[in-house]
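Good morning. Please have a look at the sequence and the model on the screen.

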Amino acid sequence: MSFFLMLNLFLILCAGVHGVPQVSWLPCQFVDEHVFLNSLNHTETQLVHRQALLQFGQKGDAPVNPHGITFLVTGSKLDLRRYLEGAEAEQVECEIYRFSTSGIHIRWPVKGDHEYNRWFTCTLKHTRGLFKVTGILRHPTDQPPSGQPDYHSWAPIEDRETLTTTVALVTKTRTPSVSARLSSKQKLHCQFAVDHKAPHITVEWQWHQYGRRDELFSYDSSTGQTQGSGVSLKNLTQGDASLTIPRTDTSHEGKYVCSVSVNPLSMKMDINLHIEEAPRVSLNVGPALSLQEGEEQKISCVVEGYYPLDVETIWYSEKLSASGQKGGVSRSKVSYSVQRTSHIRNTDDTYKLTASFYLTASLRDTGREFTCSVSHQSLREPIIKGFTLTVTEPSFWALYLAVDLFLVFIVCKMLPYLIRRGKRKSMQKLYRAALKQTNMKEEESLLH
């Protein structure tokens, strides 16, 4: 055998070893149901939480915990561990519920020792919301159904009982909760698999919001017919039922439900879509503001382009040292009255508001930093915009200049009057002189 062939075989074996799921068991919460008739003869269901174990292995394996309920998942075409994407056991939450077929009995087309089955759903969720996997566990039994809805007479499960099961149907989403920006393309992931070939599968997508429900897409494998859009038929035949939204807007918010049915089994995967748009923040002043003592300035923090409405704006102030560093005094809210406008809706369904206050300059506030802090659910940390205030004393030369300008104004206003008055006095002197000369001539003529 050549070296390269041996090397290829070695790499294939290594890949196979790493591909084998490492999780051998998971602690689970088995949510059992106790159904009874109340005093009014109405059916009530009481949920009973019991500790259990989801154990992967072969039929006949000893339980890891012999003192608890064990759901032993044996080999089949489907292996739940393949859907955990390398997550560690401590990162996976496990819950098991009984599954009701509402009294319907259909022989499951997989070879087994028994004609009948009991069914359970096993949900595996990543603690950080990276995925959600739900599998239906088939537990063969020789007990035929009672002919009435099975939840009226669940078969009891003992505290130390081991139930040997296989996975019959599995669904998964890698997007249990999606936060999308406006006008973005979003793919809501939903995949499924069945443990036998050529199953009769029905796939549906629905949208729910505020009591409203819309049918988005449906597919029936027996006829090949589809209704609606958003799901690739080619991908669907390969077990990928993901829904694509070409361009999101606020009307796309809500809960999307991916349903996969193989009679008598049906599973639903909920995906929540939230629209989020981060705010843009600006101030009406620059990073450095200089005012004279006593001068007043309106300061505005403009927050715009955000969605949804839950935005918070807070004005803070903090004294800086002479070097521009924090002065050691704790940051506090500004003492001025801050006025906030209502949310103004923009044409793209985002919002805008302004938080303002009137700042009266005081010498003791020189070197103080004022910051506007904006928090929103789309932000990991608040957006901070601020400025540093410098306050100066009023200059006396400005007063002198004002006095000089006032005097010039007075002179300019009085000068025409003075000129007119001077002219009037000159005319009066000439008139009196002429009159005097006339009188003298008259007196001389009388003497002669």
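Arg107, Trp108, Val110, His114, Glu115, Asn117 and Arg138 line the largest cavity. This is a predicted model: local features need pLDDT of at least 70, side-chain atom pairs count only at pLDDT 80 or more, and totals for chains, interfaces and linings use all residues. Residues are numbered from 1 along each chain as its sequence is written, and side-chain values use heavy atoms, without hydrogens and water.

A cavity here is a set of points on a 1 Å grid over the protein atoms alone where a 1.4 Å probe fits but cannot get out; lining residues have an atom within 4 Å of a point. How much space lies in the largest cavity? About 30 Å³. The lining divides into 2 nonpolar, 2 polar and 3 charged residues.

Now the rings. The structure holds 11 aromatic pairs (Phe, Tyr or six-membered Trp rings with centres within 6.5 Å; planes under 30 degrees apart are stacked, over 60 edge-to-face, the rest tilted). Take Tyr306 and Tyr351: their centres are 6.3 Å apart and their planes at 35°, so this pair is tilted. Tyr306 is in strand E19, Tyr351 in strand E24, 45 residues apart. Both Tyr306 and Tyr351 are buried (under 20% relative accessible area, 1.4 Å probe, protein chains only).

Next, Phe370 and Phe387. Their ring centres are 5.3 Å apart with planes at 10°, so the pair is stacked. Phe370 and Phe387 are both buried too. Ring pairs also link Phe370 and Phe387 into a cluster with Trp315, Tyr336 and Phe357.

Conventions:
On a 1 Å grid over the protein atoms alone, a cavity is a set of points where a 1.4 Å probe fits but cannot get out, and a pocket is an open set with protein on both sides within 12 Å along at least five of seven lines; lining residues have an atom within 4 Å of a point. Grid points are joined across faces, edges and corners, and a volume is the space filled by probe spheres set on the points. Ala, Val, Leu, Ile, Met, Phe, Trp, Tyr, Cys and Pro count as nonpolar, Asp, Glu, Lys and Arg as charged, and the others, Gly among them, as polar. Helices (H or I, at least four residues) and strands (E, at least two) are DSSP runs, numbered from the N terminus. Buried means under 20% relative accessible area, exposed over 50%, partly exposed in between (1.4 Å probe, protein chains only).
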